[in-house]
Amino acid sequence: MNPIGRYEQMVSSYPKACIVFLVVITLILAFFASQAEMTPGEDDFQPDTEIALANAMINQEYGREEEQILVIFDSQDNVLSQGSLITQIELEGEILNSRVTSPVLEAGPQAPGGISSPARLIATAEFIRISSQDMPESGLPQETPHMGDLIMQKAFTLTPDEMITVLEGGELHIDGVPFPIIFDGYEPSTLTAIYQDEFISEILPLEQVLSFLLSNDYDVENQIASKALMGIDVRGDLSDDEILAVEKEILDLSHGLSSDELKLRVLGDAIVSEEISAASGRNIAMLMPIAFTFVIVVLAIMYRNFTDTVLNLISLMMAVVWVYGIGVLLGLNLGNPMMTTVPILVIGLGIDYGIHFTSRYKEELKEGNEIDKAVIITGATVGFAILLTTITTVLGFMSNITSNISAIRDFGILCSVGIISAFVLMLTFFPASKTLIDNRRKKKGKELFKVKEIKEKKRTTFGKKFWSMIGEPETFCKADRPCVNNGLGLGAIAARTPARVIIVVLLITTAGLYGASQLEPEYNFTDFLPRDLEVTESFNMLIYDFDFSQETVYILVEGDISQPDVFRTIPLVQQEAMGSEYAVLVRSPESPYQLATSMIEEGSGNYNETFASFWFSNIDKNEDGVIDDDITSEDVFTVYRMMTDIKEEDSLRILKEENGEFTGFVIRIPVDTRNEERVDEVRVDMEEASELFQEGDLDRVLVTGGPIVSQSIFQSIQEGQMETLVITFIISLIILMGLYIYLGQGPLLGVVTILPLVFVISWTFGAMYFLNIPLNPVTVTIAAITVGLGIDYSIHLTQRFLEDTKEIPHPECALCVSASHTGSALFGSATTTVVGFAILSLAILPPLAQFGQVSAIGIFFAFLAAVFVLPTFLLLWYKHKHG
C-alpha cells in the first residue's frame, strides 16, 4: 500500500478527529484571513533589476516627480470659445480658493501658480498684447522707467478675476502704471492676432505650448479645437490619502462646472486607482457567484447526490479560507490585481480532486467493497494520482518564484497554497465526512448508490457506418469488460492506427507553431485599463487625442560629481538629450546646470545675486554661456553648496549629499514615448547622451525612469517565462521518470506521459494568434502553468492504464476501458477547470480576461491531448516494453 492509501486508512479510522482538526484549523485561518489588506502595492510589478531599483532609489532619495492632476475640457463646440475659456478660469479660481487644494499646489516654470491651461496662457498673452499697444508712443514717461517691468510682472501673476476681465472685456488698473488698460473682450480670432504679435513671439512660445494642451484636431487657421487640458501640479510628498482627497476635491469642483456642452473629466493616479479597484471589486463579486453556481450545477450533474455536492462545496470554501489565511501568515500582498483570480482558480482546480476521488470511491463501492476499504483503495489509486498531479500543478505555479517581479512571485505562491489546501481537504475532510455519513446510512439500511440499468441504444445509419470504419469497441475489446462511453474511448480505438494519429497531431502542431511564430510581444498601458469605465474613456482620450506626455527619463550619475570635467559635461548631455525627437520641449529639464542658469538669469524667479556673482567670477568669467576650462573641484563644490543653501527644495531633486560630500545627481528629461511604443528609441537616445560622461572617473551612469522601467517589466516577464517553462518541464519530467523507474515501468513512460504537453503549448500559442489574443505580460505566463495543470489529465490516464493492464491482458482493451472510465472523470474535472478560467473572461480588467481565455484554451487542449492523443503513445510504449 502506498503512502496515500495508508493516509486514507488513518482518515477512515478516525474520521471525527480529522474533521474537528480541520474545522479548528479553518477557524484559525479565517481569523487571519479577516485581517487581509486588499490594497494594491505600489511596487508590486517592479522587477528587481538595476534599472528598476535605480528608479525606486531616485524617487525615494531625490524626490518623486510632482503629482500632476489633469482636467480634460471636452467641448461639443469649440473649447477655444470665450465661454469655455472662462470656465477654465473659473475652475482655476475655485481650486485656488479651496482649503483642500490651495495649500498643496506646486509652482513651476510652466505653471507659476501651480495651474496651467490654455485659458491662462491666452489671457496672459492677450494682456501683454493689449498692454503693449496702450504704451505711450513717445516712450515711457521719465517718472515711470520701470512701467514695462511692472506690466510684465503683472502679466504672469494675473488673478482669475483679472483674467476673466481680460477675456470678457473691461479695464484693469495696475499699481505704478498711470493709465488703465482697456480690453475689448476675447473671441477665437483674437488668438490669430496674438500669434502674429512679434513681441509675444519673442517672450512666449504660445503656439507651441497650446499645441501641447489642445487636442490633435486643433485648427490653427480657424482657431477651433474640441478638447483642452488643464494641468494642476501638487507637491510630490503628499500621502496617498492626501492626494486622493485633493483629487476628489477637484473632481467635485469640476462636476459643478460641467454641462452638456462642456464636460470636465478629471484624471489623477489616486482617483483612477480607486475607481479601478472599486470596479474590480464589483466585478469579482459578480464572478464569484457565477463560479459557485456553475460548480454546483456540474457537481449536481456529476454526482446526482445532494450530500456529495454539499461536501465538495464545503471543502472548496474551506480551501479559499485557507488560501487567504495562509497568505496573510506568509506576508503576501493580497491586494495586487492578479490575486483576485486565485479564489476562482481554486474553485475551478480544486474540484478536480473531488470529482476523481468521488468517482473512484463509487466505483469501488459498486465492486462490492466495504466503505472503509473503498476509501483506502481510492486513496491508494486515484489519491496517489492526485498527489502526483498536485505536485506537478504546484510546480507549474511555483515556477513563477523565479520571476524578479514580486506580484508574479506572490501569485505563484498563493496559487500553490490554494492547490495544496484543496488537496489536503479533498483527501481528508471529504473522505472523513463520507465515511461518517455512509456508515450512518448503511446502519439505517439505506442504499449507498443507485444501480442504473444500462439500456442498449439503437444506432443510426451514420453511427453504424462511423463505428464500422474505426472498429466496433465491443468487438475490439476481446474481454469480459465492455468498452463504454464510446466517445471518450475514441482515442484508445484510434490508437490502433498510430501513424494516422501522429500525422494529424503533427499537422495541427505545425499550424500552432506557425501561429506562435507570428505572435509579437506587446505592452500597451491602455490595454490594462478596465473596460466600459469613464476613466478608461478619459485615458484613451488623453492618449489618442492629445500630443501630451507626463513621462520623464532620468540620467543618474554617481561618484565624484565635483570633478570639473563632469560638471562641464552636464550641459552637453542635457543638450544632447533634449535634442532627441522624443524630448518634450515645452517642458523644462531639471539638472544642476539648469538650476544654475535659472539662478543667474535676471528676471527669473530663481535669480540670486550672490550666486550669480560667484558664477560669473569663477565658472563663466567671460559670460559667454559656456563653463570655463579652468574651473576647479572647489569651484564646483561651492556651486553645489550654494544651490543647496539658497534653493534647498529644488536642489534636493537633483543633488545627493552624503557626509558633507556630493556623491550623485540626476538629470530629468521630459519625453514622449508615444504611449510607450517608442521606449526603445528613447532609451537609445538617452544612453547615447549619457555616454558623454564615460570619460570621467564615475561610479555609475545609468538611464532609467518610468517608461524604461515599464518596458523592463515586460522584458523581465518575457525572458523569465522561458526559464520557468524549462524548469517546470524538467522537474515534472524528472519526477515522473523517477516515479515510473521506482514502479518498475522505466523512465520512458515519464517521457510519454508529458509528451502531449509539448503539443498543447504550441496549440495554445497558435490559438492566441488565430484568436487575436495578444502576447502581453499576463498571457506570456500561461505556458508554464499549462504544463503544471494539463499534466494532471495525462497522469490520471497513465495511472489508470497501468492499473487496468494488470486485470485485462489485452492492452488495446485495457486502454479503451481506461480512456472510457477515467475519461468521464477527466471530462467533469476539465469542464469545471475550463469554465473556472473562462469565467475570468467576464472580468473588466483585460489582462484578467485574457488570462482566463488563454488558460481555458490551454486546459481544453490538454484534455483533448490526454484523451485522444496520449492513448496512441501509451500503446506504443506498452508494445515497446512488452515486445
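Among contacts between residues at least 6 apart in sequence, 78% join residues at least 24 apart. Contact here means heavy atoms within 4.5 Å. This is a predicted model: local features need pLDDT of at least 70, side-chain atom pairs count only at pLDDT 80 or more, and totals for chains, interfaces and linings use all residues. Residues are numbered from 1 along each chain as its sequence is written, and side-chain values use heavy atoms, with hydrogens and water left out.

Now the chain as a whole. It has 883 residues, and 55% of them are buried. Buried means under 20% relative accessible area, exposed means over 50%, and partly exposed lies in between (1.4 Å probe, protein chains only). The chain exposes about 38,900 Å², with 55% of that supplied by carbon and sulfur atoms. Accessible areas come from the Shrake-Rupley method with a 1.4 Å probe; for residues, only the protein chains shown count as cover. The secondary structure comes to 33 helices and 10 strands. Both are DSSP runs, numbered from the N terminus: helices are H or I with at least four residues, strands are E with at least two.

Start with the sheet. It is open, and its 4 strands follow the order β2-β5-β1-β6 with antiparallel pairing. Two strands pair if DSSP finds at least two bridges between them. The edges are β2 (115-116) and β6, each of which pairs on one side only. Helix α22 (residues 534-545) packs on this sheet and touches β1, β5 and β6. The direction of α22 makes about 95 degrees with that of β6. For such angles, axes are lines fitted to C-alpha atoms, for helices over the stretch in contact, and the angles run from 0 to 180 degrees between N-to-C directions.

Look next at β1. Strand β5 (residues 227-234) runs antiparallel to β1, and 8 bridges join the two. L70 has G231 in β5 as its bridge partner. F73 has A228 as its partner in β5. Strand β6 (residues 262-267) also pairs with β1 in the antiparallel sense, over 6 bridges. Here V71 stands opposite V266. In a regular strand the side chains alternate between the two faces of the sheet.

Turn to the charged side chains. Side chains of opposite charge can pair when their charged atoms come close. A search of the whole structure finds 29 salt bridges. A salt bridge is a side-chain nitrogen of Lys or Arg within 4 Å of a carboxyl oxygen of Asp or Glu.

One of them joins E50 and R700, at 3.2 Å from N to O. E50 lies in helix α3 (residues 50-62) and R700 in strand β10 (residues 698-705), so the pair ties together parts that are 650 residues apart in sequence. E50 is partly exposed, at 46% relative accessible area. R700 is partly exposed too, at 22%.

K442 and E370 form another salt bridge, with the closest N and O atoms 2.2 Å apart. K442 belongs to helix α17 (residues 429-443), while E370 sits in the loop between α14 (342-366) and α15 (371-398), so this bridge ties together parts 72 residues apart in sequence. K442 is partly exposed, with a relative accessible area of 43%. E370 also counts as partly exposed, at 46%.

K879 pairs with E812 in a salt bridge whose closest N and O atoms are 3.5 Å apart. K879 lies in helix α33 (residues 846-882) and E812 in helix α32 (residues 811-838), so the pair links parts 67 residues apart in sequence. K879 counts as partly exposed at 42% relative accessibility, whereas E812 is buried at 13%. Salt bridges also link D308, K362, K434 and D438 in a network.

End at V584. This residue lies in the loop between α23 (564-578) and α24 (592-600). V584 counts as buried, at 7% relative accessibility. Which residues is V584 in contact with, leaving aside its neighbours within four places in sequence? They are F212, S549, M578, P670, V671 and D672. V584 and T552 are 32 residues apart in sequence, and their C-alpha atoms are 9.4 Å apart in space.
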